[in-house]
Amino acid sequence: MLLLGLAIIISVIGHILFEYTGLPESVFMIILGVISGPIFNIITPMTLEPLLPFIFTISLLIILLESGIETQIIDAVDKIREASIFTLVVLIVTSLFCGVFMHLFVGWEPLPSLLIGVICSGTSTLPVIYFTRRMSVNENVKSLLVYESILNDVTLLTAVTLILQAITSELAIGYTFIHIGRQVFLAVLFGSITAFVWALIMIKYFHNVQLRYISTLSILIILYSITEMEQASGVLAALTFSLVLGGLNEILENSGLFYKRTIAIFEPLEDQLKSIIGMQKEVSFVVKNLFFLVMGIMFDLKSLSWEITTIAVFLMIIMALSRLLSVGVISIRDDKYWKDVVTISLMLPRGVTASLAAFMPLEQGVNIPLLKEIIVVLVMVTTITSTLGFVIIERGLKNKESSGVLKNTDAQASVKM
């Protein structure tokens, strides 16, 4: 409890100092986690490990709720389509390059090499949302990065499942793709229906009730759980729920399928959502920073051998180059992302999904030596690199803005003279 209180206070102080130092509070959280975890053993990784799935899932749902409600859904549909193309290209390029590196230079068999390549292809939603919310880059770039990280949950885990089926000689591609289609369809269906029904309930019964946020979050948790029990994507269902709930009025007004009287029923929803947004700002702030604290606590200093660290660093470099190449591929049709290619390439933090994928072979009875250790180091290295990349990029953008302001001032002064 003492550590939790200190963590929140330090994250608030770090948030204030961010304006002066350019260092996000995530840096302080990771350092605090390493000090309190592997260095002084105030909290041991073994204590937290059983709670990690619960902590990360709740954190992810809170972040998705905040992001989805504040997003314009009509605009989001186009951005999700672009993000889907980018995610697929990154998956293919990163899997191929990292797989070749592991096979030729580390000496792994082809399928295990491809497996770790696939795991390297997906970014983590929590840190990506954390960084993109603070970036001074184009909104299209922010949306691309966020939706890519969300879509990774489906693409990465599905690809890992296919490779494991191939390793265990149980490959059934037709069945797998049917299963993917079912996952997506049920997730979107459950999320949409739940959002519509919950909107009606809030409008009818939550006029003077001050518990809208916690009630909405509870519904989201139930939706996620039921969707996962039906073997569909709980994350995609949560995203759909948040987007539909936040953009329901926009959907009704732009669809042209509903009478004005029907649209008017949902007009009070705007005020309901404003109270939810006001409440979740501080909750999501705490959640995002606790994620980095847990990352620091869970970091295993024993895994920092020269072999594992070298492999992780080379994989990270390949991942950044793969992302750069992928931006080039999607820029053939539209070059609006190319000017931010460095930002997109450096936003490569790995986290929950990569860690989950690293344990999937063990669940299938497939033993791949050093896989878990490499992924653990890779998660930490990519998170630190993304943090440093964020700091450097933001300082560069601020310097450009300052230079632009000075040039304008000089130009105005010369005109007056």
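Buried means under 20% relative accessible area. By that cut-off, helix α6 (residues 110-119) is mostly covered, with seven of its 10 residues buried. The model is predicted. It holds four salt bridges, and three of them are described below.

**Covered helices**

- The buried residues of α6 are Pro112, Ser113, Leu115, Ile116, Gly117, Val118 and Ile119.
- Helix α2 spans residues 25-39, which makes 15 residues.
- From first C-alpha to last, α2 reaches 20 Å, close to the 21 Å expected at 1.5 Å a residue.
- Helix α2 is largely enclosed by the rest of the structure, because 11 of its 15 residues are buried.
- Among the buried residues of α2 are Glu25 and Ser26, along with Val27, Met29, Ile30 and Leu32.
- Gly33, Val34, Ser36, Gly37 and Pro38 also belong to the buried set of α2.

**Salt bridge Lys336 to Glu82**

- The side chains of Lys336 and Glu82 meet in a salt bridge, at 2.9 Å from N to O.
- Lys336 sits in the loop between α14 (306-330) and α15 (341-346), and Glu82 sits in helix α5 (residues 73-106), so the pair ties together parts that are 254 residues apart in sequence.
- Lys336 has 28% relative accessibility and therefore counts as partly exposed.
- Glu82 has a relative accessible area of 17%, so this residue is buried.

**Salt bridge Glu148 to Arg323**

- Glu148 pairs with Arg323 in a salt bridge whose closest N and O atoms are 2.7 Å apart.
- This pair links distant parts of the chain, 175 residues apart: Glu148 is in helix α8 (residues 139-167) and Arg323 is in helix α14.
- Glu148 counts as buried because its relative accessibility is 1%.
- Arg323 is buried too, with a relative accessible area of 0%.

**Salt bridge Arg182 to Glu230**

- Arg182 and Glu230 form a salt bridge through their side chains, at 4.0 Å from N to O.
- Arg182 lies in helix α9 (residues 173-205) and Glu230 in the loop between α10 (212-229) and α11 (234-255), so the bridge ties together parts that are 48 residues apart in sequence.
- Arg182 is partly exposed, with a relative accessible area of 35%.
- Glu230 is at 38% relative accessibility, so this residue counts as partly exposed.

**Negative surface patch**

- Glu253, Glu267, Glu270 and Asp271 gather on the surface in a patch of negative charge.

**Positive phi angles**

- Most residues other than glycine have a negative phi.
- Asn41 has a positive phi of about 55° although it is not a glycine.
- Asn41 follows helix α2 and lies in the loop between α2 and α3 (45-48).
- At 47% relative accessibility, Asn41 counts as partly exposed.
- Gln231 is not a glycine either, and its phi is positive, near 60°.
- The loop between α10 and α11 holds Gln231.
- Gln231 is exposed, because its relative accessible area is 52% and exposed means over 50%.

**Pairs separated in sequence**

- Tyr213 lies in helix α10 and counts as buried at 6% relative accessibility.
- Tyr213 and Ile276 are 63 residues apart in sequence, while their C-alpha atoms are 4.8 Å apart in space.
- Val342 lies in helix α15 and is exposed, with a relative accessible area of 51%.
- Val342 and Val327 are 15 residues apart in sequence, and 9.6 Å separates them in space, C-alpha to C-alpha.

Key:
Residues are numbered from 1 along each chain as its sequence is written. This is a predicted model: local features need pLDDT of at least 70, side-chain atom pairs count only at pLDDT 80 or more; totals for chains, interfaces and linings use all residues. Side-chain values use heavy atoms; hydrogens and water are left out. Helices (H or I, at least four residues) and strands (E, at least two) are DSSP runs, numbered from the N terminus. The expected span of a helix is 1.5 Å times one less than its number of residues. Buried means under 20% relative accessible area, exposed over 50%, partly exposed in between (1.4 Å probe, protein chains only). Patches are made of residues with over 30% relative accessible area and no salt bridge: like charges are joined within 9 Å, nonpolar side chains (Val, Leu, Ile, Met, Phe, Trp, Tyr) within 5 Å. Accessible areas come from the Shrake-Rupley method with a 1.4 Å probe; for residues, only the protein chains shown count as cover. Lys and Arg count as positive and Asp and Glu as negative; His and the chain ends are not counted. The place of a charge is taken as NZ of Lys, CZ of Arg, CG of Asp or CD of Glu.
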